[in-house]
Amino acid sequence: MRVGQKSNLFSSALVAALLLATAGTLAAQDVRYNFMPRTDFSKYHTYKWVNIAGAHPDQIMDAEIKESVDSQLASKGMIKTDSDKADLYIGYQTAVNQETQWDAWGSRAFGMGTGSWTSSTISIGTLVLDMYDPGTKQLVWTGSATKTIDPSTNHEKNIKNLDKSMAKLLKNYPPKQK
């Protein structure tokens with residue numbers, strides 16, 4: 001069980017491990033998205049990356065996150081551009097929260113028992129991806145991926161995990177509207 005959030009950190013070292021993590025001690029990552037109702041997503045064909053001040057880790061991690069998102073959007077027919085006339089502006093932010101995890105064990109027999117508990121601090125990382133319509137200056141789609149951070153020293157494995165996370169995050173983009 002997890003008890004409370006201790007603090008919200010923006011540490012490049014921890015954020016760099018955010019989605020480049022192997023399976024952690026908690027359940028699989030949590031992915032959520034939302035979008036502006038009645039938005040015609042079929043009109044969006046091009047996108048441009050925009051930086052959100054202080055919102056990304058080091059340059060290497062920034063490039064890896066963008067490359068992973070670029071790959072997913074390209075598979076959906078989207079074209080990246082540097083033009084200010086792009087149909088969508090895309091940016092992301094990252095955050096890391098530290099939580100206390102309690103592990104307990106015990107045994108009981110004939111009304112008597114023994115037990116013990118230990119605590120450890122775990123890091124929970126979140127990446128939020130936002131898409132804005134530059135014409136209306138409105139947020140039209142937002143999604144987040146949250147996962148326990150448990151970094152691997154195997155860079156290829158980290159990239160593979162990042163790609164899986166972005167595929168899961170963008171699985172339902174563009175959203176199907178009723």
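This report walks through the fold, the nonpolar core and the aromatic pairs of the structure above.

## Basis of the model

This is a predicted model, in which local features need pLDDT of at least 70 and side-chain atom pairs count only at pLDDT 80 or more, while totals for chains, interfaces and linings use all residues. Residues are numbered from 1 along each chain as its sequence is written, and side-chain values use heavy atoms, with hydrogens and water left out.

## Overall fold

Let's start with the layout: the protein has three helices and seven strands, in the order β-α-β-β-α-β-β-β-β-α from the N terminus. Here helices (H or I, at least four residues) and strands (E, at least two) are DSSP runs, numbered from the N terminus.

Of the 178 residues, 38% are buried; buried means under 20% relative accessible area, exposed over 50%, and partly exposed in between, with a 1.4 Å probe and protein chains only. Among contacts (heavy atoms within 4.5 Å) with a separation of 6 or more, 80% join residues 24 or more positions apart.

## The nonpolar core

In soluble globular proteins, nonpolar side chains tend to be buried together. A nonpolar core is a set of buried Ala, Val, Leu, Ile, Met, Phe, Trp, Tyr and Cys residues joined through side-chain atoms within 4.5 Å. The largest one here has 22 residues, and Leu73, Leu88, Leu129, Met131, Trp141, Leu170 and Tyr173 touch the most other members. Elements that each supply at least two of its residues include strand 5 (88-109), strand 6 (112-133) and helix 3 (155-169). Helix 2 gives the largest share, four residues.

Which residues does methionine 131 touch? Leaving aside residues up to four places away in sequence, its partners include Leu73, Leu88, Ile90, Trp141, Leu170 and Tyr173.

## Aromatic pairs

Rings of Phe, Tyr and Trp (its six-membered ring) pair if their centres lie within 6.5 Å; planes under 30 degrees apart count as stacked, over 60 as edge-to-face and the rest as tilted. Tyrosine 33 and tryptophan 141 are stacked, because their ring centres are 6.2 Å apart and their planes at 15°. Tyrosine 33 sits in strand 2 (residues 30-35) and tryptophan 141 in strand 7, so the pair ties together parts 108 residues apart in sequence. Tyrosine 33 is partly exposed at 36% relative accessibility, whereas tryptophan 141 is buried at 1%.

Tryptophan 49 and tyrosine 92 form an edge-to-face pair, 6.2 Å centre to centre with 90° between the planes. Both are buried, tryptophan 49 at 13% and tyrosine 92 at 3%.
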